[in-house]
Structure formats: structure tokens, C-alpha cells
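User: Hey, can you walk me through this one? I'd like to ask a few quick things as we go.
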Amino acid sequence: DTHDPSALRTPIVAVLGHVDHGKTSLLDKVRGSAVIEGEAGAITQHIGATAVPLDIISSMAGELVNPDDFDLPGLLFIDTPGHHSFTTLRSRGGALADIAILVVDVNDGFQPQTLEALDILKRSQTPFIVAANKIDTVPGWNPQEDAPITQTYESQSERTRQRLDENLYKIIGNLSDEGFSADLYWRVQNFQRNVGVVPVSAMTGEGVPDLLAVMMGLSQRYMKEEMEIDVAGPGVGTVLEVKEEKGFGTTIDTVLYDGTVKKDDTIVVGGLNEPIVTDVRALLQPRPLAEIRTENRFENVDEVGAAAGIKIAAPDLEDAMAGAPVRVVRNRNLDDVIAEVQAEL
Ligand code: GTP
Ligand code: MG
């Protein structure tokens, strides 16, 4: 058998930050640009996540991303809520991520949930970059749709540039107060030691090419080995949310970071009191462009491979816990898998 089962999976990117600083808008911008590139179908909406393949990243980033320089398949973005009451979801997202984008409103600067997100990244030792968002709101800004930051920076007046710089250096100072040595991303040599700050606008798309290029570069340089997985092996993931779903009962929104999960697979899920052993009834993905509140919001799929966001419907999930591990048993010994799940709780 000459088949090589190991392959590189998509890195998982968590988007974190204070409420209203523009996390969802940034992802919308990435999705929207792909539609304009005529590649809407190539972007797939997952449960709680958006997958953007390398060729789309490359067409959005222009000369900043040459697809020949990369062998990772793209990026899987996980959006997280910024509202203070969603601490658990933020820490799940942060802990699960391979890398992260900390979104900071360039005018608003550091806020309580910025600090909280930073703590999560510190604890989980997740490498991250800072997107200094809403640069288009700097007084006197002259927008250059979808342009790389160097280009748009040069077309601003001296006065506007100074205003932006002041805000950017405030953010760099705040990062330093929290123990992170940071600089504007084009001055960063080693992204493992220094945090890169990328000025962007989710509204005009300025700096988005840079953001994508930095994320892709970071993943390729520092994450590649961790992305090597047994693509056909039994799946491993984390529960993001436990949700009641009409017609399906209790379901678990799961981010799969290794292997595959198939319909009828036996899975072990971390539960309130003990690991839950159950069989997958349905694997559900959002329908492309589906209306949020229609009946048939989901599409049934037979199999999903990492990295992916998937809703799993199965009996006995009432006691499943957000943040708990999910493991597919398949050809493995059930007791071993139960013990692994137990150890992770
Ligand atoms: P939560 O999910 O509630 O934490 O917020 P969020 O971080 O996802 O922020 P969201 O993307 O919902 O944006 C909040 C508001 O800021 C919206 O009104 C956006 O239109 C606006 N906004 C986001 N990014 C930009 C930007 O780059 N420029 C401008 N001018 N407005 C922006
Ligand atoms: Mg949001």
C-alpha cells in the first residue's frame, strides 16, 4: 500500500476581542471578498467556523501570498463573542486554537475583554497577532479598498498618519504592559518572540491582505509539524457548545482537530458526571446561505475530516459539557478511549 495517510490539516484560528471591536465584521469581509473574487463556493461555512482555502487567501492577499510557498490547505476561523458574559466560549475558542487574532479597535484601544482574551492566550500559550481594526475611522482617513497596509499608509496625509501611529503605539504599549513584546508586523522578525500588530479595516478591507499573509506565514513556519495528522484516523475534537435542536434533541457543536467522524461512529464525550458513550445519529452542517430561522437549517453529511466545525446529533448528550473532549472509537478499544476522555476532564 503506497497510500500515505498523513497530511496537513487546516490550522484553527480563533478571533478574539472586546465587544464591538469588529471580529465578526472582519470574517464577513473575508467571506465577502471571496464572493467578489467569484469564489463564494470555495468558502465553506462550518458550525461556529469559516474555512478559507489557500487559493482564496492567495487571491485576496495578492502578491503577499504566493500559494507555491505554502503546503497548508488554508485557515479555519472561529468567531467568538466579545460580550463579557461569554467567558466560557471565549476560553474554549482560545484554548482550542492553533493561532489567534486579537481584534482591538484602534481608537478604543484595550478594554476589559481585550485583557481577558490576552489572559486566555497567555494561559493556553497560543501564538497570536493583533488586528488593530477600524483604521478607516481615524480622522482624515483616505480609504483604499482592499489595499495592503503599506500602500494605504502612503496615501494618507502626514496628520492622519500621525494620528494612526499614536493609536498603534498605545496598543503596542498596552501589550508591553501585559508582558508581550510587540511591534508593527513588518518590523517583527520572530513571531514566536514578538507579537505583530496589523492595522486593518473590516469596513474597507485595507490591511486584510496583510492579515491573511501574516496568519498564513505564521502557521506555515511555526505550526506545520502540529498540523500533520492521520487524515483517516478516528476523530478528536472539543465541544464548543451544547444545544437543543428541534428535531434532533441535544446536540454538540464540535470543532474537530484530528481525524474524521462518520455517521454511526461510536463516540466518547466528556460529561457532567462521567464520559458519555453514544453513537452518532447525524452530522449537521449549516446549509449554504440558509436563512437562520428556517426549518431546514442543516445539511446532513456522512463524514467530516479535520479541521472542521460540526454539529453532532446523538442520544444521551444531555450531560455533555462545553469544553469537553470528543473522541471517535471506531477500531480502537472502548475502555482506552473512555480513559483518555476521563483524563482530559
Ligand atoms: P461582538 O461579537 O458583539 O463581540 O462584536 P464584534 O467584535 O463581532 O463586532 P462587529 O463585527 O459586530 O462590529 C461592531 C460594529 O463595528 C458594527 O457596527 C460594525 O459595522 C463596526 N465595524 C467593525 N469593523 C469596522 C471597521 O473596520 N470600520 C468601521 N468604520 N466600522 C467597523
Ligand atoms: Mg461578533
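User: How much of the chain counts as buried?
Analyst: Of its 345 residues, 44% count as buried. Keep in mind that this is a predicted model.

User: OK, and what's the chain built from, in terms of helices and strands?
Analyst: The secondary structure comes to 8 helices and 20 strands.

User: What radius of gyration does the chain have, and what would a compact globule have?
Analyst: The chain has 20 Å, and a compact globule with 345 residues would be near 20 Å, so the two agree. As for the box, the C-alpha atoms fill roughly 65 × 40 × 40 Å along the principal axes.

User: What share of the contacts comes from residues 24 or more positions apart?
Analyst: Those pairs account for 72% of the contacts with a separation of 6 or more.

User: Switching to the ligand. Which residues come nearest to ligand 1?
Analyst: There are 18 residues around ligand 1, and Gly-22, Thr-24, Ser-25, Gly-82 and Met-203 come nearest.

User: Which helix gives the most to that shell?
Analyst: Helix H1, residues 23-36, with 3 residues.

User: And how do the shell residues divide into nonpolar, polar and charged?
Analyst: You get 10 polar, 4 nonpolar and 4 charged.

User: Now helix H3. Which of its residues are buried?
Analyst: In H3, which covers residues 87-96, the buried ones are Arg-90, Ser-91, Arg-92, Gly-93, Gly-94 and Leu-96.

User: What do those buried residues pack against?
Analyst: Several elements, including helix H4 (112-124) and strands E2 (12-17), E5 (74-79) and E6 (99-105). Strands E11 (236-245) and E12 (249-258) are also among the packing partners of H3's buried residues.

Note on methods:
Residues are numbered from 1 along each chain as its sequence is written. Chains are lettered from A and ligands numbered from 1 in the order in which they are written. This is a predicted model: local features need pLDDT of at least 70, side-chain atom pairs count only at pLDDT 80 or more; totals for chains, interfaces and linings use all residues. A residue is near a molecule or strand if its C-beta atom, placed from the backbone, lies within 6 Å of it. Helices (H or I, at least four residues) and strands (E, at least two) are DSSP runs, numbered from the N terminus. Ala, Val, Leu, Ile, Met, Phe, Trp, Tyr, Cys and Pro count as nonpolar, Asp, Glu, Lys and Arg as charged, and the others, Gly among them, as polar. The radius of gyration is taken over C-alpha atoms; the globule rule is 2.2 Å times the number of residues to the power 0.38. A residue is buried if 20 or more other C-beta atoms lie within 10 Å of its own, exposed if 12 or fewer, and partly exposed in between; C-beta atoms are placed from the backbone. Two residues are in contact if their C-beta atoms, placed from the backbone, lie within 7 Å.
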